[in-house]
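Here is a short report to read alongside the model. Please keep the viewer open as you go.

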Protein chains: 2
Amino acid sequence: MTTVLPPALHTAREAVDPALRAAVARLDPDTRRVCEYHFGWSNADGTPDGGGGKALRPAMVLLSARSVASEDPVAAAAAVELVHNFSLLHDDVMDGDTSRRHRPTAWTVFGKPAALLAGDALLALSTEILLEAPSRQAAAAALSLTTATRTLIAGQAADLDFERRAAVGLDECLRMAHDKTAALLACASSIGALFVGAPRETVTRLHAFGTELGMAFQLVDDLLGLWGDPEVTGKPVLSDLRTRKKSVPVVHALSSGTAAGERLLQLYAQAEPLTEDQLHEAAEMVQRAGSAEWTRLECERRLAAAHERLPDGQRAATESLTELAEFIVRRKL
Amino acid sequence: MTTVLPPALHTAREAVDPALRAAVARLDPDTRRVCEYHFGWSNADGTPDGGGGKALRPAMVLLSARSVASEDPVAAAAAVELVHNFSLLHDDVMDGDTSRRHRPTAWTVFGKPAALLAGDALLALSTEILLEAPSRQAAAAALSLTTATRTLIAGQAADLDFERRAAVGLDECLRMAHDKTAALLACASSIGALFVGAPRETVTRLHAFGTELGMAFQLVDDLLGLWGDPEVTGKPVLSDLRTRKKSVPVVHALSSGTAAGERLLQLYAQAEPLTEDQLHEAAEMVQRAGSAEWTRLECERRLAAAHERLPDGQRAATESLTELAEFIVRRKL
């Protein structure tokens, strides 16, 4: 378990924060206030706050560019972070989540319409700052980002659809994880290189690296959603079971054909809310079905596949990408 | 009063519909179903329906390009229509509107999360199809569209803000009308020319034409929201008063300093819902304050200003733009 943040995260935050803040400062006052709160830069009353996310995606963008050039594609890094936060703002409304990064979600503070508009605005801004950037590859980068955005939306649509369905296959569940999480990380891992004019082969390899890494990332998230430390995820333990989320380990267990899987199916089909005892039993069934172990191994496999995809390039950048990947996946497992 | 649709609308629909349908067909099945319903191409159960909007914005895009080239910037026309429909889908959720184009709104049929995702998807698609288009000006066009989108979002944010405030000035109300309606029409009126490589001066004039026309359009809409024919607007008469919307004629009356304005202020401040009699009284106060007349004259002034901005160019295209502008503004006034 790594507890120290990789230096690339700090560097990325320092590099990208000014661009992000400048982008958000373009918004109308109402929408700007919601975004500044959401990013953790201000409190609900508008007073400054020093918070903010982990800058994981910006770090990916900057590192992937460093592997081919000495230039920092800050606009691309900020654009990816804007899209990520667009999706957080909208997902929190759709899922009714009340807590994010240990604070009340934006919609609980400003209302749903304001939070939706803030998300819309961040999505529009992301395209805007990319296309304004002085790079001949700005349009190609914007196309990569908007395609990833559309995939992310498809993932969220599938996730919502799963909630309404009794039976979900493991394959479609993995596809949903790809769409919802890995597509944007694949874009984050390659758009920087694309932006600074890297050869197509390099961009493709970095994209594949990000896809595998994104899958590993989501699988870890799914495990944290069952047994994770609320200090890390900001969510209470067993929260995914409480909402009967069809995450990868759960779907693996449900479709395992084991007695434990059958019992989990019964619990998920129960009309009443699950009691605390039943929640612990459900988690135990995921273990017994071998699904926690399978998810952990699949995660390792994806991480190894990611490393294999990394292009040969500047050694330091590749090492930092590897370090970042390890950090992401070793969180509290 | 014009009742016959200008031929440009029919032409635009024919030209743009296939591109729009192909774009929407790229979406994941869940989101696609919502969009196809929203566009009026299918019923709630997925069976085909022949409906669809008026293709006003696509017609603007195609005509503005015709004034400088013989090329049809279909991708740009489809992209603007996608953004327009993104905003309709989201606005209907935020405003809680249950009827659009004489049918139940998408969120009432598919739920709010699905309608929000459909809007998100259309916004992402709009950038995607523009940037994929084989035009050297695709990136400039996409930037114009995304900037207009951001302005539109600011307008909706102001509109929501006005609902919570007692006092709204006429200037900020006109600014809101500009942001919410005129910005996208200005983009629609100029993006086609931009896309086919028209000189900057032409693009600027067409943009200014669209801004004035958009203002006229919104002012007509505001009048229709008070006295309009539900056959035309799809909204019941007096609907804007029922929801105490701060539209331009209402704000003009409220800030008129007249006795009628004072009475309207009392009615708008009333805690209980307005009775039918009170609704008619409120409409009468807007008349007596001279605000209906002022709005009508302002609308005429904007329309005249729009015509003055039209660049010299192919006579037929300019005439069609003029005809379209007249059609938009003469609806049932």
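## Conventions

This is a predicted model, in which local features need pLDDT of at least 70, side-chain atom pairs count only at pLDDT 80 or more, and totals for chains, interfaces and linings use all residues. Residues are numbered from 1 along each chain as its sequence is written, chains are lettered from A and ligands numbered from 1 in the order in which they are written, and side-chain values use heavy atoms, with hydrogens and water left out.

## How the two copies are related

Let's start with the pair of chains. Chain A is superposed on chain B by a rotation of 180° with 0.0 Å of shift along the axis, at an RMSD of 0.0 Å. The two copies are thus related as by a two-fold rotation axis.

To find the axis in your viewer, look for A:Ala139: of the residues of chain A, its C-alpha comes closest to the axis, at 2.9 Å. The copies meet through the same surface, because 100% of the interface residues of chain A are also interface residues in chain B. Contact here means heavy atoms within 4.5 Å.

## Cavities

There are eight cavities of 30 Å³ or more in the structure. A cavity is a set of points, on a 1 Å grid over the protein atoms alone, where a 1.4 Å probe fits but cannot get out, and its lining residues have an atom within 4 Å of a point. Points are joined across faces, edges and corners, and the volume is the space filled by probe spheres set on them.

The largest cavity holds about 110 Å³ of space. It is lined by 16 residues, and those closest to its centre are B:Arg13, B:Asp17, B:Leu20, B:Gly53 and B:Glu81. Helix H1 (7-24) and helix H4 (74-95) of chain B are the elements that give two or more residues to this lining, with H1(B) supplying the largest share, five residues. Helices (H or I, at least four residues) and strands (E, at least two) are DSSP runs numbered from the N terminus. Sorted by class, the lining has seven nonpolar, four polar and five charged residues.

## The nonpolar core

The largest nonpolar core has 194 residues, and A:Met60, A:Leu122, B:Met60 and B:Leu122 touch the most other members. Such a core is a set of buried Ala, Val, Leu, Ile, Met, Phe, Trp, Tyr and Cys residues joined through side-chain atoms within 4.5 Å. Not counting residues up to four places away in sequence, the contacts of B:Met60 include B:Leu185, B:Phe209, B:Leu321 and B:Ile328.

## Some residues worth a look

A:Glu212 sits in helix H9 (residues 200-227) of chain A and is buried, with a relative accessible area of 13%. Buried means under 20%, exposed over 50% and partly exposed in between, for a 1.4 Å probe and protein chains only. Beyond residues up to four places away in sequence, A:Glu212 touches A:Arg302, A:Ala305, A:Ala306 and A:Arg309.

Most residues other than glycine have a negative phi. A:Ala55 has a positive phi, near 60°, and so does B:His102, also near 60°. A:Ala55 lies in the loop between helix H2 (29-38) and helix H3 (56-66) of chain A and counts as buried at 7% relative accessibility. B:His102 lies in the loop between strand E1 (99-100) and strand E2 (103-104) of chain B and is exposed, at 52%.

Methods. Copies are superposed by least squares on the C-alpha atoms of residues with pLDDT of at least 70 in both. On a 1 Å grid over the protein atoms alone, a cavity is a set of points where a 1.4 Å probe fits but cannot get out, and a pocket is an open set with protein on both sides within 12 Å along at least five of seven lines; lining residues have an atom within 4 Å of a point. Ala, Val, Leu, Ile, Met, Phe, Trp, Tyr, Cys and Pro count as nonpolar, Asp, Glu, Lys and Arg as charged, and the others, Gly among them, as polar.
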